[in-house]
Amino acid sequence: MAPGRLAAGLRARAPRWGFVLDHDGTLAPFRRDPSRAVPSVRARRAVARLLSAGHPVCIVSGRPLAFLRGAWPLAGLDLAGSHGAERAWEPPRGVSAAAACRRAARRLERAVRRALRRAPGGLFVESKPFGVAVHVRPLPPALRAGWLAAAERALRAGLPRGFRLLRGDCVVEARLRGADKGRVARRLRRGPARWRGLPLCAAGDDRTDEDLFAALGPRDVGVLVARRVRPSAARFRVAGVGELLTLLEAFGGGGKER
Ligand SMILES: [Mg+2]
């Protein structure tokens with residue numbers, strides 16, 4: 001749907017919304033080097049304007065919380081990293097359990113790096129506080145499926161107890177069981193007072209965002225960010241990062257960045 005029309009429809013339904021937004025491929029375009037996938041000035045401004053217009057915003061991502069803090073240095077913004085295993089608005093769960101999980105993730109990372117040592121340049125093993133992800137997006141398209149399967153085998157072979165595997169479009173990841181983006185939406189509703197009672201507008205581009213869409217209630221809306229139609233629990237779709245920003249700008253009241 002055209003982002004302007006969608007925004008007008010949502011604004012007519014409620015004056016304030018809570019925005020739960022994925023980072024990669026949703027607010028920031030993909031980059032060959034994921035560490036360079038930082039939000040544009042336009043994206044930061046769109047989010048800042050949502051916040052100043054009274055709409056709470058949470059960036060929820062598979063990225064570590066530390067990365068999100070650097071990418072989104074905005075006061076009043078909620079952040080959930082590692083698919084929600086790290087939440088900026090809550091203290092971490094038991095410190096000793098967290099330390100054991102971090103050690104297990106590092107052991108798995110070493111095993112996966114060994115198993116994939118002959119992979120072509122571009123395959124990227126990402127170290128996360130509570131997990132390991134292998135990205136194949138930088139590889140030539142013909143090589144992606146084979147190396148994604150090899151990465152999945154390597155992760156499965158060393159998967160620690162309490163972790164699970166998750167496949168995205170060009171990524172396979174081991175992460176703590178129980179951490180998913182849907183849980184983040186549910187915790188936001190029960191958590192910070194500024195979120196209570198608000199309908200949620202959730203946006204994401206990947207399979208991992210389907211957990212988020214599936215957790216939405218009848219007053220909420222999911223927005224899939226994808227160039228083409230594909231099966232999704234999201235009710236609406238915009239064609240890319242630029243269109244999503246146009247949608248957000250219509251709520252922030254600041255007009256389009258030039
Ligand atoms: Mg994404």
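Leaving aside neighbours within four places in sequence, which residues is L244 in contact with? They are T26, A203, V223, V225 and V238, where contact means that C-beta atoms, placed from the backbone, lie within 7 Å.

Before going on, the basis. This is a predicted model, in which local features need pLDDT of at least 70 and side-chain atom pairs count only at pLDDT 80 or more, while totals for chains, interfaces and linings use all residues. Residues are numbered from 1 along each chain as its sequence is written.

Back to L244. In the largest nonpolar core, which has 47 residues, L244 is among those that touch the most other members, together with V20, C58, A185, A202 and V223. A nonpolar core here is a set of buried Ala, Val, Leu, Ile, Met, Phe, Trp, Tyr and Cys residues joined through C-beta atoms within 7 Å. Buried means 20 or more other C-beta atoms within 10 Å of the residue's own; exposed means 12 or fewer, with partly exposed in between, and C-beta atoms placed from the backbone. Helix α8, residues 241–252, gives the most to this core, seven residues. Apart from this core lies another, of 25 residues, including V112 and W147.

Helices are DSSP runs of H or I, at least four residues, and strands are runs of E, at least two, numbered from the N terminus. The buried residues of α8 are V241, L244, L245, L247, L248, E249, A250 and F251. Their cover includes α1 (3–13), α2 (41–52), β9, β10 (221–225) and β11 (236–238).

Next, α6, residues 181–190. K181, G182, V184, A185 and L188 are its buried residues. Down the axis of α6 they fall within an arc of 160 degrees, so they line one face of the helix; the arc is that of the directions from the helix axis to the C-beta atoms. R186 and R190 are exposed, on the face turned away from the buried side. The buried residues pack against β1 (18–21), β2 (57–60), β3 (78–81), β9 (200–204) and α7 (210–214).

S82 lies between β3 and β4 (86–87), and its phi is near 50 degrees, positive in a residue other than glycine. H83 is in the loop between β3 and β4, with a positive phi of about 55 degrees. H83 counts as buried because it has 27 C-beta neighbours inside 10 Å.

Last, the domains, with bounds from an automatic or database domain assignment. Domain 1 is 3–85 + 179–252 and domain 2 is 95–176. Twelve residues of domain 1 are in contact with 17 of domain 2.

Methods:
Contact = placed C-beta atoms within 7 Å.
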